[in-house]
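These are my notebook entries on a single model. I set down what I looked up, entry by entry.

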Amino acid sequence: MKKERTLVLIKPDGVQRSLIGEIIKRYERSGLKLAGMKMVVSTAEHIEKHYTVDPEWRRITGEKTIKSYKDKGLQPPSEDPLVITDILLGNLKKYMASGPVIAMVWQGVHAVKIVRKITGGTEPLTSDVGTIRGDFVLDSYQLSDADGRAVRNLIHASGSVDEAEKEISLWFKPEEIINYRLVQEQILYDVNLDGILE
Ligand code: GDP
Ligand code: MG
């Protein structure tokens, strides 16, 4: 459990807005351990692989997006979830390959859920105050759809342990992930906390 890993990408807008340090700080101070990090310029092909590591992602995201249009009383551009996701994916490829991204692997107990909590909900308009997306960005689906682009939400974070494993192997070679001990792990995880008092 203490070795759970998750993938975080600081998307091109996060790099351009000089938020790399601020974003890393938020994950780092939680107690999670940075196990790998690099700056890369991605390709459309790689981004398509990234979003489709879960074979159900196209259907689920398409259905979710159609529902969110209808909940707002809007007509979706298509009733076919796969057509909707094709549009999303086209926009995501342009967005994610537009400049350098920072790819990171964070490790620790409940890494996937802790990172999602710190990151905040997908749409910045409704993500909670105190989360990275809630604090640093003001985009919405309404604006990004009207402009025919992906919503700019600074970060990608894996949605489940299974998704994390697949995404990490897509972005990192095994030797790029470092196994090491962090001294603070003793206070985070040690059962007896002995060796502190003199
Ligand atoms: P995440 O894991 O929080 O990034 O969210 P998802 O995996 O559900 O979606 C991935 C990406 O698809 C998001 O970052 C958005 O760019 C896009 N997306 C997801 N849902 C919607 C939606 O309802 N409307 C629009 N316009 N884009 C969406
Ligand atoms: Mg996701």
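Entry 1, salt bridges. I began with Lys67, which forms a salt bridge with Asp71, their closest N and O atoms lying 2.8 Å apart. The rule I applied requires a side-chain nitrogen of Lys or Arg within 4 Å of a carboxyl oxygen of Asp or Glu. Both Lys67 and Asp71 belong to helix H4 (residues 57–71), 4 residues apart, about one turn of the helix. I took helices (H or I, at least four residues) and strands (E, at least two) as DSSP runs numbered from the N terminus. Lys67 is exposed, as is Asp71; exposed means over 50% relative accessible area, buried under 20%, and partly exposed in between (1.4 Å probe, protein chains only).

The model is predicted: local features need pLDDT of at least 70, side-chain atom pairs count only at pLDDT 80 or more, and totals for chains, interfaces and linings use all residues. Residues are numbered from 1 along each chain as its sequence is written, chains are lettered from A and ligands numbered from 1 in the order in which they are written, and side-chain values use heavy atoms, with hydrogens and water left out.

Entry 3, a network. I found Glu22, Lys25, Arg26 and Asp135 linked by salt bridges in a network. Lys25 pairs with Glu22 at 3.6 Å between the closest N and O atoms, and both lie in helix H2, 3 residues apart. Arg26 pairs with Asp135 at 3.1 Å. This pair links distant parts of the chain, with Arg26 in helix H2 and Asp135 in helix H7, 109 residues apart. Arg26 is buried at 12% relative accessible area, whereas Asp135 is partly exposed at 34%.

Which residues of H6 (residues 111–119) are buried? I noted Ala111, Val112, Val115, Ile118 and Thr119. They share one side of H6, because they cover an arc of only 135 degrees around the axis, taken from the directions from the helix axis to the C-beta atoms. Lys113 and Lys117, on the other side, are exposed. Just after H6, Gly120 has a positive phi of about 95 degrees.

A polar side-chain atom of Lys64 lies 2.7 Å from an oxygen atom of ligand 1, and one of Arg116 lies 2.9 Å from an oxygen atom of ligand 1. For Asp145, a polar side-chain atom is 2.9 Å from a nitrogen atom of ligand 1.

Key
A polar contact is a pair of N or O atoms within 3.5 Å; within protein, one must be able to donate a hydrogen and the other to accept it, and residues adjacent in sequence count only if both atoms are side-chain atoms.
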